[in-house]
Amino acid sequence: MGADHTRPAPSAPPGVRRILVATVVPLFLITVVAALVLWPRQDREAADAPALPRYHGTVTRVVTEPCPPTPEAPEGGPGGSAGPCGTVTVAAEQGPDAGRQVETPVPSGPGAPRVEVGDEVILVELTDPADPAVKSYNIAEHQRGTPLVWLAVLFAVAIVAFGRWRGLAALGGLVASFAVLLGFVLPGIGAGQPPLLVAIVGAALIMFVVLYLTHGITAQTSVAVLGTLGSLVLTGVLGTLATAATHLTGFGSEDATTLSMFQGDVDLHGLLLAGIVIGSLGVLDDVTVTQAATVTELAHANPALSRRQLYRAATRVGRAHIASTVNTIVLAYAGASLPLLLLLVADSRPVSQILTSEFLAQEIVRSAVATLGLIAAVPLTTGLAAVVTTAGRRATAAGPADPPAPRPAAGRDEALEALGGAPGPRAGGWTGGDRNTEAAW
């Protein structure tokens, strides 16, 4: 792994660094305290609930047969039970029957896995409520651990090979993001905490860790952090106003309805807002880091640019970035909601009713609010970066200067002779080495 030749950002003067530290550190401490207050307390009753035993196995035989007719339909008629029917023989690799062949019914129903001989599957052990001694097995799904591990290894190798040390830091940030999501955000929302507040605190934690770990503790990164945090709060406020104005309840998907059955204390309206905030974070930090870096590079390339010129030039870059990112956001939400969109296309209602339905209005609000927060991030981060960069430049220019050298008066010729130069005509200037001597004065 070679060295990272990325040029580091110019160091900010001490005064600017002190201002940034005085701003960022209290925000970080507030985030940490809020996370500790909102940290989910484990529900002992839920934690002690037994889970269905799951064991690994390999399919050795598949036998299909006609499905028996339902009581309401004759054999072979259209009312027969949906297939496929039959038995699957699986060599159990774990559990009480490890090393033995067990039989399971052929998986059936919507989303059931299709199995063939040689497939590695997950077995679920079922117990008869009437007689706990009677046990049976069903195939839950395929084993996906091995291909997922290889895909993750390829993903990590590609990032490190291209990004080098910066790529390695990005992988660390990705691990930290999942740790915060799985250890704080999801359990906190599941425990009944306010979803929007949990999402903003969790997103802020992710932002602090990922940005500083990936881009280093610099003034440029601190500007991106402040811009991202301000945009996140603005996104949460806009989302609250938009969902209130459109009267969204959060029951806009089958998943939300199912969740309400199993966890009735979850605020689905707040969960919708939390999804908007978390979904916006990944794009926001990309935009804010880009804008802060753009201002820094412009100032480095042309130190004569004023604060206003820096802001305008970097904003033009931000406009081009936003123009492509807006399409990215909409397509990302559309790709995640393709089944819903297909269902709506097949709907026979007028287009106006479809667009204003809870299902589609929820997606429109998500895309619009995320885009508005993203647009606000450009002027906010660019303005902060321009102020910090020009303040650093002015602080450097205002530093202690060398005392001015005395100008020669009547004894200039003698002084020049003492320095090794020869006097020339007063009206003609100096030539050769004499010009350098004159410049010293």
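Mentor: Buried residues, meaning those under 20% relative accessible area with a 1.4 Å probe and protein chains only, make up 34% of the 441 residues in the protein. This is a predicted model, in which local features need pLDDT of at least 70 and side-chain atom pairs count only at pLDDT 80 or more, while totals for chains, interfaces and linings use all residues. Residues are numbered from 1 along each chain as its sequence is written, and side-chain values use heavy atoms, with hydrogens and water left out.

A nonpolar core is a set of buried Ala, Val, Leu, Ile, Met, Phe, Trp, Tyr and Cys residues joined through side-chain atoms within 4.5 Å. The largest such core holds 54 residues, and F184, M207 and F208 have the most contacts inside it. Two or more of its residues come from each of α1 (14-38), α3 (145-190), α4 (195-215), α5 (219-245), α7 (268-301), α8 (307-336) and α11 (358-397); these helices are DSSP runs of H or I, at least four residues long, numbered from the N terminus. The largest share, 13 residues, is supplied by α4.

For F208, contact means heavy atoms within 4.5 Å. Leaving aside neighbours within four places in sequence, F208 is in contact with V24, L27, F28, T31 and V225. A second, separate core comprises twelve residues, including Y55, V88, V102 and V106. Of these, V102 lies with T104 on the covered face of strand β3 (residues 101-105), whereas Q101, E103 and P105 form the uncovered face.

Notes. Buried means under 20% relative accessible area, exposed over 50%, partly exposed in between (1.4 Å probe, protein chains only).
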